Amino acid sequence: MTPVFYHVPKNAGTYMINNMLLFFREYRRTRTDWLERPWETARNIEIKHDGKTLMRLIAADPDNWCAHNLKSDPHDNSHYTANEQQAVDIINNIWMFAVVVEDIGFEHRDRLTGVLNINLYESVILREPFSRAKSLYGYITSEASAHEPYHKNITGSFEQYITSDQLECGWVIKSFRGLHDNTQPTTQHYDQTCELLDGMRVTDIKHTDQLIDQMFEECYDLSRSTFPDHFESNLHRNATPNKIKIEFNELDDQTQQTFLDRTYWDRKLYERYCED
């Protein structure tokens, strides 16, 4: 099986990608002769659609195919970009180790998995909605998000944000069902999303490490315990620069209720899959 991870923003995506690359390095180190090649054989390939990233392929390129056929990052000889039309050609010429589907690719899941044409180990990480709202607000109001189109669109305090239309409502459902931002999810959309998630490994962000370890043990019989000491020295989580320290019970009653109403579908998914 090949790991496929659906990346919900602010739900351990950077940490997951970094771990995928580490486990790939361990696979390469212990089971192949790829390190003997005179070129870098690890690949992080972004598949784009209309300038936005649909998915990332963590892969091996022992024949250096990417260097002759794709656009490379001048600062990183393992990072390449390609358009969606090139995806099949890429998959036929590299060895795919893992896949990260970015948020705009969720609604294209059936088409993407059809292109991959492999036995998939699909996973997604969910997060308690108030915790995610704090992390998302901290990120989008920091300079770390200066490159994002919505960077200057969020104004006001955190309390104002979580009671405004700027707060994402039913994000996972909307992404998997391809709903517009101003469309409210329905019970039918929720049920359809659950049908998809029921076939995946759905994990609370608190158990990210357990998901990663189980994923690579089941897919490749790899264990973190065999990593050389220096492997994990560069492993880091993408921490939110501006930490929001307020707790839910510190909000006034009206703000609490407004937030609960606006995150109804997010909470419903989280409670179904992540609450013990």
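Q: What share of the contacts with a separation of 6 or more comes from residues 24 or more positions apart?
A: In this predicted model, such pairs account for 74% of those contacts in the chain.

Q: How many helices and strands are there?
A: The chain has 11 helices and 8 strands.

Q: How does the radius of gyration sit against the globule rule?
A: The radius of gyration is 20 Å, close to the 19 Å from the rule for 276 residues, so the chain is as compact as a globular protein of that length.

Q: And what box do the C-alpha atoms fill?
A: Roughly 65 × 40 × 40 Å, along the principal axes.

Q: What about burial and surface?
A: Buried residues are 51% of the 276. The accessible surface is about 14100 Å², and carbon and sulfur atoms hold 43% of that.

Q: Charges next. What are the counts of positive and negative side chains?
A: There are 29 positive and 44 negative side chains. The centres of the two sets lie 2 Å apart.

Q: Switching to D266. Where is it?
A: D266 is in helix 11, which covers residues 264-274.

Q: Is D266 buried or exposed?
A: Buried. Its relative accessible area is 18%, and the cut-off is under 20%.

Q: Which residues does D266 contact, beyond neighbours within four places in sequence?
A: P129, E168, C169, G170 and W171.

Q: What does the side chain of D266 do at W171?
A: One of its polar atoms lies 3.3 Å from the backbone nitrogen of W171.

Note on methods:
Residues numbered from 1 in each chain as written. Predicted model: local features only at pLDDT ≥ 70, side-chain atom pairs only at ≥ 80, totals over all residues. Heavy atoms only, no water. Helix = DSSP H or I, 4+ residues; strand = E, 2+ residues; numbered from the N terminus. Rg over C-alpha atoms; globule rule 2.2 N^0.38 Å. Buried < 20%, exposed > 50% of the residue type's maximum accessible area, 1.4 Å probe, protein only. Contact = heavy atoms within 4.5 Å. Areas by Shrake-Rupley, 256 points an atom, 1.4 Å probe, with all protein chains shown as cover. Lys, Arg positive; Asp, Glu negative; His and termini not counted. Charge placed at Lys NZ, Arg CZ, Asp CG, Glu CD. Polar contact = N/O pair within 3.5 Å; in protein donor to acceptor, adjacent residues only side chain to side chain.
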